[in-house]
Amino acid sequence: MRMTSSTILKRRSPERDKAAPQHRRAAKAAAAVAAGALALSLTACGGDDKDSSGSPGNTEEAAASKVTLPKLDGTSLEIAAVWTGAEQANFKKVLAEFEKRTGAKVTFVPAQDPIINFIGSKVAGGQPPDIAMLPQPGAIKQAVDRGWAKPLGAEAQKELGENYSQGWQDIGKVGGKQYGVYYKAANKSLVWYNNQVFENAGASEPETWPDLLKTAQTVYDSGVTPFSAGGAEGWTLTDWFENVYLSQAGPEKYDQLAKHEIKWTDSSVKDALTTLAQVWGKPDYIAKGALQTDFPASVTQVFTGGDQPKAAMVAAGDFAQVNIPKSMKIGTDAKVFPFPAVGDNGPVVSGGDAAVILEDSKGSQALATWLASPDAAQIQAKLGGYLSPNKNVPNSAYPNAVQQRIAKALIDAGDDFRFDMSDQAPQAFGGTPGKGEWKILQDFLKNPKDVAGTQQKLEAEAAAAYGG
């Protein structure tokens with residue numbers, strides 16, 4: 001995904017917020033509960049791989065259920081997504097099972113980011129894919145407004161109703177109609193670290209932001225750069241900001257800023273940028289070349305190089321696992337802790353990718369139905385680096401104890417999460433490489449002393465994108 005991907009979520013247009021009332025109404029106390037669940041779920045990451053969730057619906061029996069699909073011999077379908085590497089390869093295995101069950105032929109179409117522009121060019125050329133995996137609620141609304149997206153049929157909606165919480169259904173709606181199936185979720189409130197580096201340095205997992213600064217200094221004093229950052233991809237930097245902002249300013253302010261009901265020149269934004277600068281502005285705290293480092297490299301450089309990697313930690317979603325070398329065992333060599341609390345509560349931020357039908361047909365409706373089923377999700381769950389919001393995926397389908405705990409935290413949070421803020425923004429502000437928030441935060445990483453100037457630029461770009 002851009003790691004599109006992303007218990008925290010991200011990106012969309014101003015009106016799209018009306019389609020997700022559950023998220024907007026979630027109270028600060030609810031976020032605190034979800035954050036607590038996340039923290040507990042990641043405790044003792046080195047535990048065994050057994051499913052200890054005990055969650056209703058998250059049982060082995062769910063694995064036996066089979067979604068009903070039609071015979072589609074002779075049908076050819078295309079599905080587009082920005083996924084590459086292992087993520088794409090794993091998703092193709094999910095498509096292969098659909099082909100096996102239905103007789104259809106499904107072609108994966110690699111898309112460029114932002115995918116809504118890619119889809120627009122395909123529509124203009126008269127060759128849109130049957131389904132597109134859209135990473136932003138705002139992109140879903142754009143596709144609906146432009147007449148590209150088609151509503152989900154009864155079969156897909158039935159599968160959604162049985163397998164998804166209301167909140168996850170709502171963020172796939174526009175104007176009260178269901179258009180999106182959130183096949184993939186992302187927990188973006190995590191920090192992965194090299195355990196050997198921590199042990200050598202005598203560092204411990206931090207719970208608060210001051211703790212994180214102390215841990216970073218301990219690691220630095222041991223001779224290893226504390227953080228890696230995939231700054232070449234601006235969305236990674238928005239994840240940093242959103243975690244700090246949600247925890248420090250609180251859910252209500254987060255919702256207001258997401259809808260541009262308060263300006264980016266607000267003092268709460270100043271506070272968050274000033275906090276970020278305590279890491280971004282510290283000499284030698286970020287691995288060199290961050291603005292030329294893409295997301296996959298930002299992860300691998302933490303887990304290669306023995307006990308002297310380029311960096312000790314990387315703030316990254318659960319999906320980072322696909323970029324951790326197989327020689328590093330998850331939960332033993334590669335560990336993870338919740339993004340530390342800056343304010344009273346730790347943040348709970350999520351993102352995700354939704355399947356949206358562009359060419360309505362029996363085949364495309366069947367593929368959307370398949371992607372809404374636990375049968376499909378658990379195929380990719382077993383391969384790692386994937387998190388499903390489908391509550392009927394058995395927890396034991398995830399390949400290790402760390403992933404099982406992350407998945408359980410997401411399901412246990414129910415509707416009490418916040419979707420990635422930049423994913424809620426208009427694409428021009430929150431979802432375009434080299435522009436808007438992505439570019440401005442890249443500039444801030446380069447010059448973290450310019451808090452006021454950064455705020456002014458963010459507000460100017462946001463005002464233009466939101467229309468005033």
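The protein has 20 helices and 13 strands, where helices (H or I, at least four residues) and strands (E, at least two) are DSSP runs numbered from the N terminus. This is a predicted model, in which local features need pLDDT of at least 70 and side-chain atom pairs count only at pLDDT 80 or more, while totals for chains, interfaces and linings use all residues. Residues are numbered from 1 along each chain as its sequence is written, and side-chain values use heavy atoms, with hydrogens and water left out.

Of the 468 residues, 61% count as buried, that is, under 20% relative accessible area with a 1.4 Å probe, protein chains only.

The largest nonpolar core has 90 residues; such a core is a set of buried Ala, Val, Leu, Ile, Met, Phe, Trp, Tyr and Cys residues joined through side-chain atoms within 4.5 Å. Phe98, Trp192, Leu367 and Leu371 touch the most other members. Leaving aside neighbours within four places in sequence, Leu371 has contacts (heavy atoms within 4.5 Å) that include Ile79, Phe91, Val94 and Tyr183. Apart from this core lies another, of 51 residues, among them Val279, Ala290, Ala312 and Leu458.

Helix H4 covers residues 85–102 and reaches 26 Å from its first C-alpha to its last, close to the 26 Å expected at 1.5 Å a residue; the expected span is 1.5 Å times one less than the number of residues. Its buried residues include Phe91, Val94, Leu95 and Phe98. The buried residues of H4 pack against strands E2 (76–81), E3 (105–110) and E7 (180–187), and against helices H15 (362–371) and H16 (374–381). Just after H4, Gly103 takes a positive phi of about 85 degrees.

Notes. Buried means under 20% relative accessible area, exposed over 50%, partly exposed in between (1.4 Å probe, protein chains only).
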